[in-house]
Amino acid sequence: MNLMKSLIPAAALVVLPQMGLAQEAAEGEAALHTQYIFTTLLFLMAGFLVFFMAAGFAMLEGGLVRSKNVAMQMIKNIALFSIAAIMYWLVGFNTMYPGDFNGFFALGGPTVLDAVGVAPADAALDYASIGSDFFFQLVFVAATASIVSGAVAERIKLWPFLVFVIVLTGILYPISGSWKWGGGWLDAMGFSDFAGSTVVHSVGGWAALAGCLILGPRIGKYKDGKVHPMPGSNLALATLGTFILWLGWFGFNGGSQLAMGTVGDVSDVSRIFANTNMAAASGAIAALIMTQVLYKKPDLTMVLNGALAGLVSITAEPLAPTLFGALWIGAVGGIIVVFAVPMLDKFNIDDVVGAIPVHLFAGIWGTIAVIFYGEANLITQLTGIVAYGVFTFVGALILWTILKATVGIRVSEEDEINGLDMAELGMEAYPEFSKG
């Protein structure tokens, strides 16, 4: 070894270590680039899946409302997504992710994308492109608005509803979202919500509950102390919508890993997929069994909402549980729906599609269930649940009340009986049936 050293020029002894350091630096930089590229790809692919959930919500709602109101639900869903996209660009994204956190109620400005062909050193974010991050977060806020759409269906005016969506997607959701996902006070406290059982789903549920209370039930829903069912127009369409939402949820939860640049990250994404699927399956089966036991016949709408409740339940922590853990968490969500739907009816709260039991009640359960597998404690989780509940419910209640007092939010009795398709849009989803 000493002989070899003596044969190497002294200058080379200095250069060789430097070359080694340079090679290590280059390899490290390449690894960072790879992580950046794959995480950006994860956001885009997951975002595509969550975007498709907009179609799932539209089909689910279209199937569960009566035929005279289907076109109204379709226009609400495409309009609310479009409004969410504009409002999240205009103010929402930079309110929810303000960089250095700037308080409880601070609003940010418009989103600015990376420059065309941006160099690595000039990229604004060190983990993924702004465009991919913005798009991935955007589709979440649209899902929140869709939750409200189904609950208040069949009696709400179009334009007041869309005004509500503007405020929900541009102000209420981003502000409360910043408390956890934007590095705010709940995040500092240790509140845990991996993909949004509370941040997304219960926020939509609280807003929907406020809307249902201010609107009141549909004409004829509760009469003489009895509940009068109003069957949906197309349960096949509702089933398709549920399967689309189930598919989109893989992006919802899987993308929330927020990284795909290592073997560990990719493995975790696959684990999230498996747990997400298990929770949906167990939620559906739990609802199937419970409705058979309670009503002597299975109820398809309950089974569909049971699957969705299982998905909402696992969303707060889809990574840490075992498959058995995901199974029982999802099953509890499915059971919650079966009991929550008739409970709302007892209070004359008319939720057309079951959004409040699925997204609010199962969302609360999923947020609590984190304590069995995550690092959060019960007090912290309950603090987050209450904070989101008070802020969203009170904010939504005030907004609905203002809209009711100023422009009115409910169609006339005649228009509700004839259907919102003709009253609000002047067209019908199924014109040949009404004419035949």
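In the predicted model, the backbone oxygen of Thr 367 lies 2.8 Å from a polar atom of the side chain of Gln 381; a polar contact is a pair of N or O atoms within 3.5 Å, where within protein one must be able to donate a hydrogen and the other to accept it, and residues adjacent in sequence count only if both atoms are side-chain atoms. Because the model is predicted, local features need pLDDT of at least 70 and side-chain atom pairs count only at pLDDT 80 or more, while totals for chains, interfaces and linings use all residues. Residues are numbered from 1 along each chain as its sequence is written, and side-chain values use heavy atoms, with hydrogens and water left out.

Gln 381 is placed in helix α13 (residues 378-406); helices are DSSP runs of H or I with at least four residues, numbered from the N terminus. Gln 381 is buried, at 0% relative accessibility (buried means under 20% relative accessible area, with a 1.4 Å probe and protein chains only). When neighbours within four places in sequence are left aside, Gln 381 is in contact (heavy atoms within 4.5 Å) with Gly 190, Phe 191, Ser 192, Thr 367, Val 370, Ile 371 and Ala 376.

The axes of helix α12 (residues 355-369) and α13 come within 9 Å and cross at roughly 155°. Axes are lines fitted to C-alpha atoms, for helices over the stretch in contact, and angles run from 0 to 180 degrees between N-to-C directions. Helix α12 is therefore roughly antiparallel to α13, a term for angles over 145 degrees. Ile 364, Thr 367 and Ile 368 of α12 make the contact with Leu 378, Gln 381, Leu 382 and Ile 385 of α13. This contact of α12 with α13 has five nonpolar, two polar and no charged residues; Ala, Val, Leu, Ile, Met, Phe, Trp, Tyr, Cys and Pro count as nonpolar, Asp, Glu, Lys and Arg as charged, and the others, Gly among them, as polar.

A further helix pair is formed by α10 (residues 300-315) and α11 (residues 323-346), whose axes come within 7 Å and cross at roughly 130°. In the contact, residues of α10 including Gly 306 and Gly 310 meet residues of α11 including Gly 330, Gly 333 and Gly 334. The residues of this contact of α10 with α11 divide into nine nonpolar, seven polar and no charged.

Val 165 is found in helix α5 (residues 158-180) and is buried, with a relative accessible area of 1%. Apart from neighbours within four places in sequence, Val 165 is in contact with Leu 80, Ile 83, Ala 145 and Gly 170.

Methods: Helices (H or I, at least four residues) and strands (E, at least two) are DSSP runs, numbered from the N terminus. Buried means under 20% relative accessible area, exposed over 50%, partly exposed in between (1.4 Å probe, protein chains only). Angles under 35 degrees count as roughly parallel, over 145 as roughly antiparallel, 65 to 115 as roughly perpendicular and the rest as oblique.
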